[in-house]
Amino acid sequence: MAAGATVHTFDLTLADVDRGVYEDLSLRVARHPSETGLFMITRVLAFCLEHEEGITFSEGISTAEEPAVLVRDLTGLITAWIEVGQPEAERLHRGSRLADRTAVYTQHDPAKVLARWEGKKIHQRERIMLHSFDAGFIESAAALIERRNAMTVSVTERHLYLELNGSSVDSAIHSVPLG
């Protein structure tokens with residue numbers, strides 16, 4: 001855990017009907033002092049939407065060597081590189097070369113994020129997916145975060161229903177390939 005980080009706990013029920021993933025999770029999420037609530041909730045949602053065996057939060061903000069979320073197989077090999085926000089093209093290029101699958105979850109306007117990568121070298125860019133949410137969704141969700149959180153994430157037909165500490169918000173999940 002990074003020095004000065006604030007730990008948030010999420011007692012989480014995940015029901016991703018689209019992928020057939022149903023889990024009860026207890027997550028301890030270290031929030032770096034420079035990390036916004038918007039980034040943190042996007043990171044937690046990326047973890048949920050990508051959940052599979054071997055998924056973990058990395059050191060993320062405090063290291064340039066790993067993405068916010070990654071998946072490793074039983075041998076320790078990185079199988080999924082999952083970025084949050086608007087990472088530099090070089091990070092995506094590196095991640096796409098290291099992992100079988102690369103994805104980005106953003107709390108920003110996806111058109112502006114895509115524009116940042118225009119003309120930049122990104123390995124197998126056509127295989128990388130950019131995921132975003134309806135305008136205002138991430139802001140609404142971030143406003144509900146406390147130190148201890150009860151959270152339910154349900155996904156059906158690419159629509160996310162989030163209950164966080166007794167309040168509900170929902171959004172479509174928008175996905176576009178980079179290339």
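A salt bridge is here a side-chain nitrogen of Lys or Arg within 4 Å of a carboxyl oxygen of Asp or Glu. In this predicted model, Glu50, Glu52 and Arg101 are linked in a network of such bridges. The structure holds nine salt bridges, and several of them are taken up again below.

The overall architecture comes first. The protein has four helices and 10 strands, and from the N terminus on its elements follow the order β-β-α-β-β-β-α-β-α-β-α-β-β-β. The C-alpha trace spans about 45 × 35 × 30 Å along the principal axes. A compact globule of 179 residues would have a radius of gyration near 16 Å, and the value of 15 Å for the protein agrees with this. Of the contacts with a separation of 6 or more, 52% join residues 24 or more positions apart. Buried residues account for 49% of the 179 residues. The accessible surface comes to about 8,800 Å², and carbon and sulfur atoms contribute 50% of it.

Beyond its neighbours within four places in sequence, Met151 is in contact with residues including Phe10, Leu12, Ile41, Val44, Leu45, Leu162 and Leu164.

Arg148 pairs with Asp11, their closest N and O atoms being 4.0 Å apart. Arg148 belongs to strand S8 and Asp11 to strand S1, 137 residues apart. Arg148 counts as exposed because its relative accessibility is 58%, whereas Asp11, at 40%, is partly exposed.

A second bridge joins Arg94 to Glu65, with 3.5 Å between the closest N and O atoms. Arg94 lies in helix H2 and Glu65 in the loop between strands S3 and S4, so the pair ties together parts that are 29 residues apart in sequence.

Glu88 is in the loop between strand S5 and H2, and Arg116 is in helix H3, 28 residues apart. Both residues are partly exposed, Glu88 at 41% and Arg116 at 31%.

Helix H3 also has details at its ends. At its start, a side-chain oxygen of Asp109 reaches to within 2.9 Å of the backbone nitrogen of Ala111. The helix is followed by Gly119, whose phi is positive, near 80°.

Notes. Residues numbered from 1 in each chain as written. Predicted model: local features only at pLDDT ≥ 70, side-chain atom pairs only at ≥ 80, totals over all residues. Heavy atoms only, no water. Contact = heavy atoms within 4.5 Å. Polar contact = N/O pair within 3.5 Å; in protein donor to acceptor, adjacent residues only side chain to side chain. Helix = DSSP H or I, 4+ residues; strand = E, 2+ residues; numbered from the N terminus. Rg over C-alpha atoms; globule rule 2.2 N^0.38 Å. Buried < 20%, exposed > 50% of the residue type's maximum accessible area, 1.4 Å probe, protein only. Areas by Shrake-Rupley, 256 points an atom, 1.4 Å probe, with all protein chains shown as cover.
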